[in-house]
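Dear colleague,

Please find below the structure I promised to pass on to you. My notes on what was found in it follow directly after.

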Amino acid sequence: MAKQYKSLHPIKYFRDYLAHDIRPDGRELTKYRPVIINANSVSTAEGSAIAKVGKTTVICGIKAELCQPKTETPTQGFLIPNLELPPLCSSKFKPGPPSDQAQVATKVIADIIENSGCINLQDLCISTEKLAWCLYADLVCLDHDGSIIDACLLALFTALKTVSLPKVEYNAELDSKNLQMDERTPFKLYNVPVSTTFAILDETVLMIDPTAEEENLCTGVVTIVIKDDELCSVLKPGGSPITEEKLVDCIKQSMERAKLLGKLIDTATQETNDEIDK
Amino acid sequence: MEMDSNTDCSMPISNFGNLTRPDGSTIYSQGKSTVIAGVYGPIDVKPQKMLIDRGSVETFFRPKSGLPGVGDRLYETIIRNICETALVSTLYPRSGIQVVIQEMQSGGELISCSVNAACLALLDSGIDMKFLIAAATCCLDQEGYLIVDPTELQQEKAKATFVFVFESSEGRIVASHTTGTFKLEQYEQALDLCKKGSAKIFEYYRKVINGKYNKK
């Protein structure tokens with residue numbers, strides 16, 4: 001009976017649960033889903049990771065290529081994130097050029113990388129004006145079940161932590177490069193930003209870490225990105241208005257969760273590094 | 001363009017009805033940024049975008065040169081979501097409302113300028129709204145001081161910038177967009193400052209709408 005009720009009156013079904021301060025998947029409003037991170041999952045990439053937030057799955061692979069720096073920024077390399085939302089991950093997406101949602105999410109991720117100062121692009125420069133690394137961070141969503149930015153950031157930063165770049169001997173006069181694949185230096189990350197998403201229903205109910213179903217029924221989302229003990233983005237792209245107190249409450253909750261996620265990323269990368277050392 | 005002799009230059013300037021085809025249009029200038037906004041609606045909508053229970057809102061943000069890029073998509077999404085919240089879209093089922101924003105000059109706080117222009121254009125078009133919306137920008141400089149209505153140069157040098165959008169009925173936050181890193185206290189201070197800034201914008205809306213109808 002519950003199934004029919006759900007498909008006929010999805011919103012009412014949802015509200016009936018919320019009236020008892022519980023969500024359809026059995027979580028309380030302030031409970032987040034389990035997070036699983038696996039580092040170095042793709043052996044052909046310079047760095048990679050899979051992150052699962054509940055059922056949401058994102059895989060990230062980082063490829064490094066040699067390129068010439070831009071003339072405006074002769075001492076900087078590049079880090080280019082790209083999120084793909086293929087039709088496989090949800091019925092909302094169709095094949096073809098990147099959807100608006102994918103473009104917006106990609107831009108949000110690129111902004112977070114820039115805002116947090118987690119990488120120094122000058123570290124990627126090999127020879128001024130001549131040679132630099134270009135890191136392509138390709139994120140593919142395999143299963144879209146809400147809080148996609150959270151999962152993307154976890155996968156991206158775990159992958160970046162596992163990146164090691166081969167040593168390049170570059171002779172500027174002859175324009176000759178010599179790659180030493182055995183001599184790799186790990187890539188330096190200055191901090192690890194992590195995000196938490198909230199869904200808003202009826203301008204009053206706030207749910208941490210919403211599923212896709214909850215995101216669809218709700219009238220707005222807030223994504224808060226925390227780095228160390230500072231904020232690096234509070235993104236509320238429209239949707240239901242909320243009061244200041246609620247927003248500050250969200251920020252406090254995400255600060256709590258950020259500590260846990262930071263530790264989780266550390267543990268995941270530590271384990272893989274230990275395995276490599278063996 | 002209307003401008004009182006006693007208004008300071010930080011007050012916005014706007015003019016209605018410069019375009020004849022849209023249902024509502026405005027040229028809006030705030031600080032050193034100027035945009036032109038046009039609203040069409042309710043109009044026909046493509047079948048795949050049609051919603052049976054409410055109108056679908058579409059937003060286009062055109063930069064002053066070249067084609068819209070990935071960054072403009074983010075602006076579009078933010079402005080669309082804001083308009084969707086502000087409109088009573090359930091009154092226009094199976095139809096569409098189109099908000100087009102053309103950037104004319106960019107001199108900092110472009111998002112704020114676009115949101116405010118969109119709100120004025122919606123007001124001009126006469127589409128039903130739940131509340132008005134006003135955006136304000138402020139930025140945090142390297143010394144930790146907050147600057148309201150920053151110029152483009154101040155924004156570039158800033159440690160962080162904050163854009164907030166408020167609604168007029170209870171002053172709640174509709175949207176928030178930030179760049180750079182900052183502390184929670186700084187965020188709360190910025191929020192407070194922008195709220196005061198938005199109050200001025202609401203006052204300005206009242207003034208121009210009054211002016212518009214009293215003239216005729």
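The lining of the second largest pocket draws at least two residues from each of these elements: strand E4 (78–84) and helix H3 (100–116) of chain A, together with helix H1 (70–86), H2, helix H3 (152–157), strand E8 (160–167) and strand E9 (173–180) of chain B. Helices (H or I, at least four residues) and strands (E, at least two) are DSSP runs, numbered from the N terminus. A pocket is an open set of points on a 1 Å grid over the protein atoms alone, with protein on both sides within 12 Å along at least five of seven lines, and lining residues have an atom within 4 Å of a point. H3(A) gives the largest share of this lining, seven residues, and of the 45 lining residues A:Lys107, A:Asp111, A:Glu114, A:Asn115 and B:Thr179 lie nearest the centre. The volume of this pocket is about 1,400 Å³, where a volume is the space filled by probe spheres set on the points, which are joined across faces, edges and corners.

Please keep in mind that this is a predicted model, in which local features need pLDDT of at least 70 and side-chain atom pairs count only at pLDDT 80 or more, while totals for chains, interfaces and linings use all residues. Residues are numbered from 1 along each chain as its sequence is written, chains are lettered from A and ligands numbered from 1 in the order in which they are written, and side-chain values use heavy atoms, with hydrogens and water left out.

There is also one cavity of 30 Å³ or more, a cavity being a set of points where a 1.4 Å probe fits but cannot get out. About 80 Å³ of space lies in this largest cavity, and its lining consists of A:Val108, A:Asp111, A:Ile112, A:Asn115, A:Ser233, A:Leu235, B:Leu74, B:His177 and B:Thr178. Two or more of these residues come from each of H3 and E12 of chain A and E9 of chain B, with H3(A) supplying the largest share, four residues.

Over all chains, the whole structure holds 24 salt bridges, each a side-chain nitrogen of Lys or Arg within 4 Å of a carboxyl oxygen of Asp or Glu. One of them joins the side chains of A:Glu230 and B:Lys159 (3.8 Å, N to O), and this pair crosses between chains, from strand E12 (residues 230–235) of chain A to the loop between H3 and E8 of chain B.

With best wishes
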